[in-house]
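Dear colleague,

Please find the structure below. My notes on it come after.

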Amino acid sequence: MQIITVASFKGGTAKTSVSLNLGAVLAKVHKKRVLLIDFDAQSNLTTGLGFDPDAFDSMAPVLQGTKQLHEVILETETKNLHLVPADTWLERIEVTEQLAQDRYSHERLKGILNRAEYDFIIIDTPPSLCWLTESAMIASSKCLICATPEFYSVKGLYRLGIFIHQIAKRHPVEVLGVLLSFWNERGKSNDAFLNVIEETFPKKILKSKIRRDKVVADASIRGKPICEISRTSRALEDFKKLAREVLRGCKTDLHLKEEESEPEEVEESNQELECTSSL
Ligand SMILES: Nc1ncnc2c1ncn2[C@@H]1O[C@H](COP(=O)(O)OP(=O)(O)OP(=O)(O)O)[C@@H](O)[C@H]1O
Ligand SMILES: [Mg+2]
């Protein structure tokens, strides 16, 4: 089992979109058993999969010891893709009674997930180096760092690098790679951004890049992963490449289990939906 935290210090670097669509491609195309954990009180991963965050328990009661993990797992429309939703109770959960008195509260998630039976657990984190992000990193074998080709995004990487380095002194988490989203192949400053990232995370920039594509926002408005609504979009192409690179990076049996069949019964991504992305 690989547990992957998706993180960045800056907001809007596509952490949630990457968690959702990477998880969905691993489940749908590669037939992996995948658990997504929405570990951000904003609950965008939860709504992006069509669930109402107010209607379900999140990881909060599991961390507090009043529920078991299996009691908060939801099945999604995609086979093999499960979700632990988020809710606002996750915000500042570390100061609630059950956790505040536990010096090792940030190691609780690790203990909970160790007993789960999945090929991949992917944890979507908030855009800050808070208790939730620290707990997720401690529980993880790998960290996937999200960045955008913007000055403030690459600057935040340095802080994140120090944060991961501190955690990795005591826990076995390692950087799987740095993933650039909103990538423009002809961007004038691409080399400058890549050089700064290379300095902070040498040899960790992933070959896969996620290009800007309206289908990403369209899919989350419809509460589905891209692979359920589109056959041919460039974002789907990019997420498929990413999934293959992640599988190689995690050294799993890609060639034994990979099935490159295109998704069946997909509606074309469309038409009536307007992209409401704030970007
Ligand atoms: N490749 C893409 N092309 C176009 N829009 C995208 C792409 N990736 C993400 N988006 C849109 O950009 C916005 C921010 O993405 P997302 O929510 O995944 O970022 P985030 O890092 O999780 O943000 P936060 O830090 O607030 O949690 C969303 O509206 C999403 O639909
Ligand atoms: Mg997010």
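This is a predicted model: local features need pLDDT of at least 70, side-chain atom pairs count only at pLDDT 80 or more; totals for chains, interfaces and linings use all residues.

Residues are numbered from 1 along each chain as its sequence is written, and chains are lettered from A and ligands numbered from 1 in the order in which they are written.

Strand 6 (residues 142-147) is largely enclosed by the rest of the structure, because six of its six residues are buried (20 or more other C-beta atoms within 10 Å of the residue's own, C-beta atoms being placed from the backbone). Strands here are DSSP E runs of at least two residues and helices are H or I runs of at least four, numbered from the N terminus. Lys142, Leu144 and Cys146 point one way from strand 6, and Cys143, Ile145 and Ala147 the other. Strand 6 runs parallel to strand 1 (residues 2-7), with four bridges, and parallel to strand 7, with six. Thr5 has Cys143 as its bridge partner, and Ala147 has Leu180.

Helix 7 (residues 151-168) and helix 8 (residues 190-200) pack at about 5 degrees with axes 10 Å apart (lines fitted to C-alpha atoms over the stretch in contact, with angles from 0 to 180 degrees between N-to-C directions). That makes helix 7 roughly parallel to helix 8 (under 35 degrees).

Around ligand 1 there are 24 residues (C-beta atom, placed from the backbone, within 6 Å). The closest are Gly11, Lys15, Thr16, Ser17 and Pro127.

Regards

Methods. Angles under 35 degrees count as roughly parallel, over 145 as roughly antiparallel, 65 to 115 as roughly perpendicular and the rest as oblique. A residue is buried if 20 or more other C-beta atoms lie within 10 Å of its own, exposed if 12 or fewer, and partly exposed in between; C-beta atoms are placed from the backbone. Two strands pair if DSSP finds at least two bridges between them.
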